[in-house]
Amino acid sequence: MEWVKKVGFLVLMQILLVQCQQDFGNGINATQLDDPTVMKHFTELVYRRLSAVTSDLINTQIAHKATFCITDPEVEWNKSFNYSSNLDFLSKCIAETQGDLAQRLCTAAELKFYFTNFIASTKSASSFLKPNINCNLTRWVSGCEPGWACSSGLTQPDFTNAQQIPARTSACQSCCEGFFCPQGLTCMIPCPLGSYCPRATLNASTGLCDPYMYQLPPGHSNHTCGGANIWADVSRSASMFCSAGSYCPTNTQEISCASRHYCLMGSTSEKRCYRLTSCDPSSPRQNISQYGVMLIVGISVILFIFYNCYEKVITIRERRRARSRETAVKSVKENARAQARWLVAKDAIRRRVLEMSHSFSRAVSGRREIEATDLPTHEIKEYGDSFEGMDSETGDKDETGDKDKTKKVKAKHIRTDTQMFKYVYSQLEKEKAQEQHKEDAATLSGVISMAMDAGVRRRPAIEIAFRDLTVTLKHKKRCLLRFINGEILPGRITALMGPSGAGKTTLLSALAGKTVGCSITGLVLINSKVESIASYKKIVGFVPQDDVVHGNLTVEENIWFSANCRLSAGLPKAGKVLVVERVIESLGLQPVRNSLVGTVEKRGISGGQRKRVNVGLELVMEPSLLFLDEPTSGLDSSSSQLLLRALKREALEGVNICMVVHQPSYSLFNMFDDLILLAKGGLTAYHGAVRDVEDYFANLGISVPDHINPPDYFIDVLEGMVKPHTSSAVTYEDLPLRWMLHKGYPVPPDMQRTASAAGVPARNQENQSIDQQHLSFCGELWQNLKYRVEARCDVVRNNFLMMNDLSRRRTPCILVQYRYFVGRIAKQRLREARIQAIDFLILLLAGACLGLLAKSGDESFGAPGYTYTVIATSLLSKIAALRTFSLDKLEYRRERASGISSLAHFVAKDTIDHFNTLIKPLVYLSMFYFFSNPRSTFLDNYIVLLCLIYCVTGIAYTLAIFLEPGPSQLCSVLLPVVLTLLSTQPKDSKFIKIFTRLCYPSWALEAFIVSNAKSYHGVWLIQRCGALLITGYNVNDWNLCITLLMATGAACRALAFIGMLALQKK
């Protein structure tokens, strides 16, 4: 019988459910609602109808017009109108309306009317709706008042009709709890999740209905306070939001947060506080500043460990190399001393044997002399060869007899640093012995034998000849050089001398292919062929007049970087070490090899040592042609002679050396092989061997007085400061013409016209070849502009003109050079750790101040704080990034002119700067995020700030390369401030709207605000849509904003790289 009861109960339920569905439009008998089962099923039926209406509203009506603020309509409905967990407020309302709830609920048309009004008119502060069929000027029932609603009576409303508002004016009463009834509508709308909608109570003192603050209509004594009256933005309907410190599981229940929990405004549940945070009962937020302090401490510890460990690794490696080098030097010197002692002993024994042989008679001792001489000397030779044939690293004898082959075998089998340094210093000792032998061989035959020695390696020869070389400045049409003829030969050192303004540096630059803004006529032949010197740039060295070296690197690091990037890629490491050690040893830089070169702010090595490092950067690449612009300026006599000895050794290997010198000493002057003496006006006064210059001028009647340095005297004569001691009529202005006539060179027409009938040249006017025309102000302005454009075109042409590589040297590829650049820049950044720490400290303070001052307000989704964040991080990151390319422009230009890859240089610097790009957002957010405590996640904020810093770093690269330091710093300060302020202005005009959409602060602000706004749901829906509508942001554009920031950073880097190639002055 039990199953019969169950079946009967199910049948009864089905009958009641059908009856409820039939009577839904006409209400239901109040006596039926007393049955809990009927009430439950009727409530579920009402909820399904309500769910269908609200779901249709969000998925169709609002979703189509508010796509900018709704990403997933299903999720938004679920977080706003999904009451399935608790339907008590529906059951209570059904009982209060005696089953008439369905006739009081808003239809799709009324919901559309209400939500469209508030989403589309968020700029208006009005809480009134537009007139409609139920509430207008002619009809205004009590249900039109705030907090009240009416029934549609016996007419069943069409809930799916979204076009027509049904008539609803009967049985008006106050709104149920959990619903709100807007002023101007006579229906009820369920309050969204996260709201608290109790019945209002009349405040006798104010006459307002608390907590909704609306007034009762005058003249209606029976009209009482109803329910909630409006759901809009938080500024107009804050009383409807679940208060901070409490949570609302339903829209009719508000519960205070328990201890160790916090509740944000509009919460539906309480959230547990993190560990180490303090959360009292009814806490609106958790204080997570401790985590920010922990994060910054962790970052500081990691950076401290990283910097110190990296420095320790470098220091330990350098000390190990230094110990290996010292051990090798000691071993090689001991072997050298032992060999020297044995050579002395061998010579003594040989002399003793010869003395003994001469003591006997010639007839008797002739045979004995031969035997006695042959036997000991043969033994001595064998014993001496045991020193010379001994491998300096392994102690094995050299049995091959082929020196070059043995050297390659030695270099190939070197494994340790000690072996390598022993090999290197043994070679250096042999070279010193050869040089000493050369100095001892004072005869010409001794020098020739040294030059022809097979042990001296010869480099590819480059011979330069110039015919009628004329250089004219385009801007002023002034000749800097006129009809220069001559040649510079391999294996010789040519000194280029003359008075100030004679064109020495111009001639050097013209031969090296470094002139800009000048027109060049005549021929420059390389190995008797008309070719560009740029085709040989891998084996051509140019030492500038200024000491262009990296001050924050040591002497050895500067020289090693040049060797790694410019020597042949196939040269083994032992060969590179040999070259580097040879240069350091020959330039006398051994005592300061581990010392920083120094800068203007930080003292380093002395000026003379810095000058020698400047020369060593070019010597270490083993050039075949070497230009030096005043390398001895600022050096004392001993340092100058040390430098000349090093250059002499290079010349012995076939290097063609041409250098500008000022007033060398007589001993230094005699170390040069050839001399080019220029006179004022860019004319040649002498070009030939140094040993013949005095004889040539003596033939002209110009003799050097006693106790006068010849080069000083000749320059004073050419300057016109000293009148020549001669009885002839030759003056300093006639000397260039005398040289032309002496060598049989063609004489320029203007100089021919000045010759007298007797054949004696008249006075030659300086810079007389082209007449100057007097131009107006506009003409001069046009000429200046034209000159600048032509000069810039010359630079671009020189930079991008592809030349055939005739140097036959394969230098390391871009990837290998990139590795060398990364290592060098990492060392430089390590030595700038204090500057990096200051940058991080400033960011830390900025984050703390802005996090405390600009709390993340729920009304604006933290927009003010994010605005300050964009300005602060952009400004500070740009200022710091300017140092990347603005501090070493001269060093870059020198390295690029020598053939080092610009791409490797740029990418390596950007790679090292990525470290700051990753760390700086963490440093800033460790204070700002944990003090302001926004609802968005830390990861979202970090990603946006990371992309922003990447973007502004690229912009800073562009400013640093295109502008001078002063203007670039000014732009770095103004750009983020101005563009961010423009991005926050109202988008009233179309131009402002388009312009701000093209500014990077607008993308960063949108990404920040959108990531924060996505965390607001339920009762915050209208607030979110209204705020995004005013600002013009879109929740679907977060990925687009991130992409635009990254793309802008990449585009600015590409532009900066192109500018670095094309727009840099030489």
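Analyst: A salt bridge is a side-chain nitrogen of Lys or Arg within 4 Å of a carboxyl oxygen of Asp or Glu. This is a predicted model, in which local features need pLDDT of at least 70, side-chain atom pairs count only at pLDDT 80 or more, and totals for chains, interfaces and linings use all residues. Residues are numbered from 1 along each chain as its sequence is written, and side-chain values use heavy atoms, with hydrogens and water left out.

User: Which helix holds Arg 883, the salt-bridge partner of Asp 839?
Analyst: The side chains of Asp 839 and Arg 883 form a salt bridge at 2.5 Å, N to O. The pair links parts of the chain 44 residues apart: Asp 839 is in helix α25 (residues 833-853), and Arg 883 is in helix α26. Helices (H or I, at least four residues) are DSSP runs numbered from the N terminus, and the run that holds Arg 883, residues 863-886, is α26.

User: Is Asp 839 buried or exposed?
Analyst: Buried means under 20% relative accessible area, exposed over 50%, and partly exposed in between (1.4 Å probe, protein chains only). Arg 883 is partly exposed, because its relative accessible area is 26%. Asp 839 has a relative accessibility of 15%, so it counts as buried.

User: How many residues of α26 are buried?
Analyst: Helix α26 has 24 residues and reaches 34 Å from its first C-alpha to its last, close to the expected 34 Å. The expected span is 1.5 Å times one less than the number of residues. The helix is largely enclosed by the rest of the structure, because the number of its 24 residues that are buried is 17.

User: How many residues apart in sequence are the parts that Asp 910 and Arg 1053 tie together?
Analyst: Asp 910 and Arg 1053 form a salt bridge, with their closest N and O atoms 2.9 Å apart. Asp 910 lies in helix α28 (residues 902-932) and Arg 1053 in helix α34 (residues 1038-1062), so the separation in residues is 143.

User: How many salt bridges does the structure hold?
Analyst: Side chains of opposite charge can pair when their charged atoms come close. The number of salt bridges in the structure is 28.

Methods. Helices (H or I, at least four residues) and strands (E, at least two) are DSSP runs, numbered from the N terminus.
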